[in-house]
Amino acid sequence: MVDAVRPVPSRGSRATKRAIRRALLVFVALLVLIPFLFPFLWMLMGSFKNEVDYMAIPPVWFFVPTLENYRQVLVDSNFANYTVNSAIVAFFSTGLALLLGIPAAYSVARYRRTGFALLILTARMAPGIAFLIPWFVLFVKVHLTDTYVALVSTHLIVTLPIVLWMLIGFIE
């Protein structure tokens, strides 16, 4: 009996199938990503439009790009000052949260104080707006309004429970 001779697939057909499969995968990934990336593209396009084109209904898709918006933000405003202020507040509130949170998380994890950890989590569930008026009254009384101390301590109150809760699990 004669064995049937099967044609051996050529390397070209395997490579072609692999290329088609990869192209199809990229196409499907792009289809999935487009709805997520569209808002970012829309914001980027809007940053290069003038106000008339940006507010136009229906939207203007083809326009003459301008850098006036960037010049206005970077040159005409106090953008650099605001960025430095934000960096200072972020640095100090994060640093203090870690400085206070690491020892607290260690003691909670070491001595298995789950009740205290639950209390911290429960306190974090309170809406931040509930602290607004008492904090403002306190800052007015001690003359801390419009200072870094007030802003850093406010951010610290929000971030410390999160830092503590996350570090307890890490240390355990």
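Start by selecting Gly128, Phe131, Leu132, Trp135, Phe136, Phe139, Thr145, Ala150, Thr154, Ile157 and Val158, which line the largest pocket. Keep in mind that this is a predicted model. Colour by element next: helix 6 (132-141) and helix 7 (148-171) each give two or more residues to this lining. The volume of the pocket is about 180 Å³. Now colour the lining by residue class. The count is 8 nonpolar and 3 polar residues, with no charged residues.

Zoom out and show the whole chain as a cartoon. The protein has 7 helices and 0 strands, so the pattern along the sequence reads α-α-α-α-α-α-α. Colouring by accessibility marks 14% of the 172 residues as buried. If you display contacts with a separation of 6 or more, 57% of them join residues 24 or more positions apart.

Next, select Ser47, which belongs to helix 1 (residues 11-47). Is Ser47 buried or exposed? Ser47 counts as buried because its relative accessible area is 16%, under the 20% cut-off. Show side chains here: that of Ser47 reaches the backbone oxygen of Leu44 at 2.7 Å. Which residues does Ser47 contact, leaving aside its neighbours within four places in sequence? They are Thr66, Asn69 and Tyr70.

Beyond its neighbours within four places in sequence, Thr66 is in contact with Ser47, Phe48, Lys49 and Asn50. A polar atom of the Thr66 side chain lies 3.2 Å from the backbone nitrogen of Glu68.

For a last stop, draw a distance between the C-alpha atoms of Thr66 and Leu31. These two residues are 35 residues apart along the chain, and their C-alpha atoms are separated by 30 Å.

Technical notes. Residues numbered from 1 in each chain as written. Predicted model: local features only at pLDDT ≥ 70, side-chain atom pairs only at ≥ 80, totals over all residues. Heavy atoms only, no water. Helix = DSSP H or I, 4+ residues; strand = E, 2+ residues; numbered from the N terminus. Buried < 20%, exposed > 50% of the residue type's maximum accessible area, 1.4 Å probe, protein only. Polar contact = N/O pair within 3.5 Å; in protein donor to acceptor, adjacent residues only side chain to side chain. Contact = heavy atoms within 4.5 Å. 1 Å grid on protein atoms, 1.4 Å probe; cavity = no way out; pocket = protein on both sides within 12 Å on 5 of 7 lines; lining within 4 Å. Points joined across faces, edges and corners; volume = space filled by probe spheres on them. Nonpolar A, V, L, I, M, F, W, Y, C, P; charged D, E, K, R; others polar.
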